[in-house]
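Dear colleague,

I am passing on the structure we talked about, and below it you will find my notes on what turned up when I went through it. Please read them with the model open beside you.

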Amino acid sequence: MSMADVGGYGVASDITLQGTATVGYNWTDTLASSVGYKALYTGYQEGGFQYDATQHGVFTRLAVKF
């Protein structure tokens, strides 16, 4: 599964970009797991203040359904 979005447009920031890619497996009807990678970029500038940051990394998920 993959997902991406773009936001900001001057409301809370000039621009934000986000992307996620995930691979998962349902072990049983009640147990599932996945692993993925996510990246988030935020760009903001007001007056002399500028904030350009990218956060990214691997994540895991374990789901127990009941």
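The protein exposes about 5,100 Å² of surface, and carbon and sulfur atoms supply 60% of that area. Please keep in mind throughout that this is a predicted model. Buried residues make up 18% of the 66 residues in the protein. As for overall dimensions, the C-alpha atoms fill a box of roughly 55 × 20 × 20 Å when it is laid along the principal axes. The radius of gyration is 17 Å, whereas a compact globule of 66 residues would have one near 11 Å.

On confidence, the mean pLDDT of the protein is 90, and 94% of its residues reach 70 or more. Confidence is highest in strand S2 (residues 15–26), with a mean of 95, and lowest in S1, where the mean is 87.

Turning to the fold, the secondary structure comes to four strands and zero helices, and from the N terminus on the elements run β-β-β-β. The strands make up an open sheet in the order S1-S2-S3-S4, with antiparallel pairing. Strand S1 (2–8) and strand S4 (49–64) stand at the edges of this sheet with a single partner strand each, so one side of each is left without a neighbour in the sheet. Neighbouring strands are turned against each other by 10° on average, if direction is ignored. Of the contacts in the protein with a separation of 6 or more, 31% are accounted for by residues 24 or more positions apart.

Within the sheet, S2 and S3 pair in the antiparallel sense over 12 bridges, and a hairpin joins S2 to S3 through four residues.

S3 and S4 form a hairpin with two residues between them, and glycine 47 in the turn has a positive phi of about 60°. Several facing pairs can be followed along these two strands: glutamine 45 stands opposite glutamine 50 in S4, threonine 42 stands opposite alanine 53 in S4, and lysine 38 stands opposite glycine 57 in S4.

Glycine 7 lies in strand S1, and it counts as buried because its relative accessible area is 16%, which is under the 20% cut-off. Not counting residues up to four places away in sequence, glycine 7 touches Asp14, Ile15 and Thr16. Glycine 7 and glutamine 18 are 11 residues apart in sequence, and their C-alpha atoms are 8.7 Å apart in space.

Serine 34 lies in strand S3 and is likewise counted as buried, at 10% relative accessibility. What does serine 34 touch, once residues up to four places away in sequence are left out? Its contacts are Thr22, Val23 and Gly24, together with Phe59, Thr60 and Arg61.

Alanine 63, which lies in strand S4, counts as buried at 15% relative accessibility. Leaving aside its neighbours within four places in sequence, alanine 63 is in contact with Thr30, Leu31 and Ala32. The C-alpha atoms of alanine 63 and serine 33 are separated by 6.1 Å, although these two residues are 30 residues apart along the chain.

With best wishes

Key. Residues are numbered from 1 along each chain as its sequence is written. This is a predicted model: local features need pLDDT of at least 70, side-chain atom pairs count only at pLDDT 80 or more; totals for chains, interfaces and linings use all residues. Side-chain values use heavy atoms; hydrogens and water are left out. Two strands pair if DSSP finds at least two bridges between them. Axes are lines fitted to C-alpha atoms, for helices over the stretch in contact, and angles run from 0 to 180 degrees between N-to-C directions. pLDDT is the predictor's confidence in each residue, from 0 to 100. The radius of gyration is taken over C-alpha atoms; the globule rule is 2.2 Å times the number of residues to the power 0.38. Buried means under 20% relative accessible area, exposed over 50%, partly exposed in between (1.4 Å probe, protein chains only). Contact means heavy atoms within 4.5 Å. Accessible areas come from the Shrake-Rupley method with a 1.4 Å probe; for residues, only the protein chains shown count as cover.
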